[in-house]
Amino acid sequence: MADTSLISSFGFSRFLRISWIVGVIAHTTYVFIKSVCEQSVESSPLQKRLNPTASTVLFFPDKHLACRQLLFEGRCNRRNCQFLHEETSLSKLIRVLLGAKESLDVCVFTINCRELADAVVLLHKNGVVVRVLTDDEQMGTTGSQIEKFRREGIQVRHDLSSFFMHHKFAVIDRKQLLNGSFNWTRQAVTGNRENVMITSDQDIVKAFSEEFEALWEKYDPCKRTQLKAS
């Protein structure tokens, strides 16, 4: 009865007009809120991780070296620690590496950064299949971490050429690529102008995975021994 009297007092056409206005306002409000929520989700770190083509770029040098204890333990209990306790390109890079669950294929010219080497060893100890390709002339340079890898049981292969094996990339779980000018050295971390692109674009990841497999096969020491014997 109340509804009928309301319609009668205002008139049916006026009631319809008011109902239409209320409906438009409600719909507009809904669309606006939905749009804001979708933009928030799309720009969130979680959505970027879920996006199969998400990419980001890290730039070096860092102004100082990140605290090693903070990098691997998440906290530092040293009172007078002289290292950085804030987010750096190195800390971001190590966090990406430590996200590997199944495999890590590293193909770099030279490796002497202990922090990056320790991340690789930690993955190996946690059951991730790690393979490393590097340049033969760089393995014996000061600070090289290649022998450390071998002592830990990590598979390492190298070229045997007067030309450089000059790649600088890594493939994580065959799903994510790290690639750029960045050599895995202390000088690259805190001295040189360098870059690392991180992408999950599957076409690009696939191309680099195939390049790694081709070089891994090419630098097989068993084949090298066979060639020498023949």
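This is a predicted model: local features need pLDDT of at least 70, side-chain atom pairs count only at pLDDT 80 or more; totals for chains, interfaces and linings use all residues.

User: How many helices and strands does the protein chain have?

Analyst: There are 10 helices and 7 strands. Both are DSSP runs, numbered from the N terminus, with at least four residues of H or I for a helix and at least two of E for a strand.

User: Why is aspartate 159 called buried?

Analyst: Buried means under 20% relative accessible area, exposed means over 50%, and partly exposed is in between, using a 1.4 Å probe and protein chains only. Aspartate 159 has 2%, so buried it is. You'll find aspartate 159 in the loop between strand E4 (155-158) and strand E5 (168-172).

User: What makes the pair of aspartate 159 and aspartate 136 a polar contact?

Analyst: A polar atom of the aspartate 159 side chain lies 2.7 Å from the backbone nitrogen of aspartate 136. The definition asks for a pair of N or O atoms within 3.5 Å; within protein, one must be able to donate a hydrogen and the other to accept it, and residues adjacent in sequence count only if both atoms are side-chain atoms. At 2.7 Å, the distance passes.

User: How do you know that strands E3 and E4 pair?

Analyst: Two strands pair if DSSP finds at least two bridges between them. E3 (residues 129-134) and E4 have 4 bridges and run parallel, so they qualify. Among the partners, leucine 133 goes with arginine 157 in E4, and arginine 131 with glutamine 155.

User: What joins strand E2 to E3?

Analyst: E2 (residues 103-108) is tied to E3 by 5 bridges, again in parallel. Cysteine 107 has leucine 133 of E3 as its bridge partner.

User: What makes a right-handed β-α-β unit here?

Analyst: One is built from E2, helix H6 (residues 114-125) and E3. Another uses E3, helix H7 (residues 146-151) and E4. Right-handed means that, with the strands pointing away from the viewer, the path from the first strand over the helix to the second runs clockwise.

User: Why is helix H5 described as largely enclosed?

Analyst: Of the 9 residues in H5 (residues 89-97), 7 are buried, so the rest of the structure largely encloses it. The buried set is Ser89, Leu90, Ser91, Leu93, Ile94, Val96 and Leu97.

User: And threonine 88, buried or exposed?

Analyst: Buried, because its relative accessibility is 5%. Threonine 88 lies in the loop between helix H4 (68-73) and H5. Leaving out residues up to four places away in sequence, threonine 88 touches Asp62 and Ala66, where contact means heavy atoms within 4.5 Å.

User: Which residues does the C3H1-type annotation cover?

Analyst: The unreviewed UniProt entry puts "domain: C3H1-type" on residues 61-88. That stretch is 21% helix and 0% strand, with its end C-alpha atoms 9 Å apart. UniProt positions are in the numbering used here, feature names are shortened, and annotations may be inferred rather than shown by experiment.

User: What stands out about the peptide bond from phenylalanine 60 to proline 61?

Analyst: That bond is cis, with omega near 15°. Proline 61 is in the loop between strand E1 (55-60) and H4. Most residues other than glycine have a negative phi, and most peptide bonds are trans.

User: Where do aspartate 173 and arginine 174 sit, and what is phi for each?

Analyst: Aspartate 173 is in the loop between E5 and strand E6 (176-180), and arginine 174 lies in that loop too. Phi is near 55° for aspartate 173 and near 55° for arginine 174, a positive value in a residue other than glycine.

User: Why do aspartate 173 and arginine 174 get their accessibility labels?

Analyst: Aspartate 173 has 14% relative accessibility, so it counts as buried. Arginine 174 has 45%, so partly exposed is the label.

Notes
Residues are numbered from 1 along each chain as its sequence is written. Side-chain values use heavy atoms; hydrogens and water are left out.
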